[in-house]
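Have the sequence and the 3D view ready as you read.

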Amino acid sequence: MTTLRLRPEDPADEQPVARVLAGAFARPDVAAPPEVALVDELRHSDAWVPELAMVAEYGGEVVGYALLTRVRVRSDGGSFPALALGPVAVAPHRQRIGHGTAVVQAALDAATELGERLVVVLGDPMFYRRFGFTRADRMGLTSPWSGLGEPWRALVLPPSVDDEALPPQGEVVFPSPWSKV
C-alpha cells in the first residue's frame, strides 16, 4: 500500500516542486505562473527556512508543497519575526484527497517545533479555517493585502511555554520576492 510521506524539501526536489507549482497554478495567460519564480527567489533569500519547506510525496512522486518563509511584524515596540505560508500547491491529479491539508499541517507542526509563534497567509478562508487561521485584521495585523478582508488570515501557534506573550500587532513586512506576485 502506498502512503503519503511528508518531509522537508531537499535540493533534488527543486524541479519536482516547480512542476507541482506550475500545474496547481496554471493559467492560460502565462507560460509559467509567478509562484514558481517566487519559490525560487525565496530559496535564495534571507527569508528561507529550509526546515519549513515541506513536500508531500506519494509513490515516490512529489505531489504537494507548503512553504513557510520569514516575514517581520513591525510595531511600535520594534520588529518581530513571523512566518508567511505560501505558496501551497498540490498536483492537479492528486487534489481534493487531503494532500494539501496534510502538507500544510506538517509545515505548521514543524514551525511549532521550532518555537515559531505567528503565521500569516492570504488564501481561501474555508480551507485555512480548519487549521485555526482567523482574520488577521482582527488580530491587529496589516499588510498590502489587508484590504481583502477574509482571505488575509493569521494563526498563533501554540507557545513553547505557558506564559509566553501573544505575538505583536503591526504591519507584516514581506521580503521583496513577494512584491512580484
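## A buried ring pair

Start with F127: this residue is buried, because its relative accessible area is 17% and anything under 20% counts as buried. Keep in mind that you're looking at a predicted model. Y128 is buried too, with a relative accessible area of 8%.

How many aromatic pairs does a search of the whole structure find? The search turns up eight. In one of them, the ring centres of F127 and Y128 are 4.9 Å apart and the planes meet at 85°, so this pair is edge-to-face. The cut-off behind that name is an angle over 60 degrees.

Another pair is made by F174 and W178. Here the ring centres are 5.6 Å apart and the planes are at 70°, so these two are edge-to-face. Both partners are tucked away: F174 is buried at 17% relative accessible area, and W178 is buried at 12% relative accessibility.

Back to F127 and Y128 for a moment: ring pairs link them with F131 and F133 into a cluster. Elsewhere on our tour of rings, R94 lies over the face of Y58, at 3.9 Å from the ring centre.

## The largest pocket

Now for the open spaces. The largest pocket holds about 810 Å³ of space. It is lined by 32 residues, and the closest to its centre are F25, V88, A89, F127 and Y128.

The biggest contributor is β4, with seven residues. Sorted by class, the lining of the largest pocket has 20 nonpolar, seven polar and five charged residues.

## The second largest pocket

The second largest pocket has about 180 Å³ of space. Its lining is made of 13 residues, and those nearest the centre are F80, P81, R117, P167 and P168.

Which element gives the most to this lining? It's β4, with three residues. That strand also gives the most to the lining of the largest pocket. As for classes, the lining of the second largest pocket splits into nine nonpolar, one polar and three charged residues.

Notes:
Residues numbered from 1 in each chain as written. Predicted model: local features only at pLDDT ≥ 70, side-chain atom pairs only at ≥ 80, totals over all residues. Heavy atoms only, no water. 1 Å grid on protein atoms, 1.4 Å probe; cavity = no way out; pocket = protein on both sides within 12 Å on 5 of 7 lines; lining within 4 Å. Points joined across faces, edges and corners; volume = space filled by probe spheres on them. Helix = DSSP H or I, 4+ residues; strand = E, 2+ residues; numbered from the N terminus. Nonpolar A, V, L, I, M, F, W, Y, C, P; charged D, E, K, R; others polar. Phe/Tyr/Trp six-rings, centres within 6.5 Å; stacked < 30°, edge-to-face > 60°. Buried < 20%, exposed > 50% of the residue type's maximum accessible area, 1.4 Å probe, protein only. Lys NZ or Arg CZ within 6 Å of the ring centre and 35° of its normal.
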